[in-house]
Amino acid sequence: MRLLLLGCTGLIGRELVPMLKAEGHKCTIVSRHSSKADLCLDLSKPTTWRNDALLRVLDSTDGVINLVGEPIADQRWSSAHLQRLRDSRLLTTRCLVKAMNCCKHPPLVLINASAVGFYGTDPVRQFAESSPAGNDTLASLCCDWEIAAQEKPDATRLLVLRIGVVLAPDGGALGKMLPVFRAGFGGPVGDGRQWMSWIYRTDLCRMISNALLNPDWVGVVNGVAPKPVSMTDLATSLGRVLGRPSILAVPGPILRMLLGEGAKVVLEGQYVISDRLESLGFTFSHPDLASALAAATKPTNH
């Protein structure tokens, strides 16, 4: 397939793009970073979408993968940062679907990212694809993001992937934890009881690959492994895999001081499963945390 890839130069894209190319897909990467992109554009600015080269590529594209979005929990949630979180997702997606609607031959499929933050946070409830949206800041952002994607052309199949915490050795939450744990200073964040709905990066990339060609992948699918774990279980398992202690907790108040309201993403969680993946015939290469952490910490990964 001829694919247009947006937001695919980061944690997920580092594995996804080589996988897609190895499968024979022709990939056009759009990014703000010229060294990583075929087209260097800031897609969150509406004027960017008047670029003739971008529109020509889109009109001849079979599929679009949209993973664009500023990192959620990398810095304190100021009003300016919250606006960047929204603009990077909503403006980009709205401009994308508007351009798709102007194509003579719209793409056959749009795979659009969302997040398990759609469901809000809860210490006890279990969420699946049919569960309603939550009512906090991140849930509102995810809901608006998905609504924007739904404005795609009628002829375009839409898959929304509500993605959990992506585990990979070279970035994201695990990438930040590994040096700390290897130094012997690891431990759970907050009280450790919050749920972590996670997925190993390879499995997430395989979901995206499967969804490109299989029309059954439509609507919403939760991009999560079968068994969420508590933050304490994650810390304990990582310490065990590395042969290092995992008892030095990061107090919640410190995280709140650093991240403000954004600390809620880390200190509160949600137990998210998928009711759809089994019927779609998807099998995980790393369905449990132990195998995922073992793969992520192999000597070749550090």
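Seven strands form an open sheet in the order β3-β2-β1-β4-β5-β7-β11, paired in parallel. Edge strands β3 (39-40) and β11 (219-223) each have a single partner, so one side of each lacks a neighbour in the sheet. Helices (H or I, at least four residues) and strands (E, at least two) are DSSP runs, numbered from the N terminus, and two strands pair if DSSP finds at least two bridges between them. Parallel strands β1 and β4 are joined by four bridges, and L6 stands opposite N66 in β4.

This is a predicted model, where local features need pLDDT of at least 70, side-chain atom pairs count only at pLDDT 80 or more, and totals for chains, interfaces and linings use all residues. Residues are numbered from 1 along each chain as its sequence is written, and side-chain values use heavy atoms, leaving out hydrogens and water.

Now meet helix α1 (residues 13-22). Its buried residues (under 20% relative accessible area, 1.4 Å probe, protein chains only) are G13, E15, L16, V17, M19 and L20. They pack against the elements in this table, with contact meaning heavy atoms within 4.5 Å.

| Partner of α1 | Residues |
|---|---|
| β1 | 2-6 |
| β2 | 26-31 |
| β4 | 63-66 |
| α6 | 201-213 |

After α1 comes G24, with a positive phi near 95°.

Finally, look at another pair of helices. Helix α5 (residues 172-182) packs with helix α7 (residues 231-242) at an angle of about 55°, their axes 11 Å apart. The contact uses L174, M177, L178, F181 and R182 of α5, and L234, A235, L238, G239 and L242 of α7.

Key:
Buried < 20%, exposed > 50% of the residue type's maximum accessible area, 1.4 Å probe, protein only. Axes fitted to C-alpha atoms, helices over the stretch in contact; angles between N-to-C directions.
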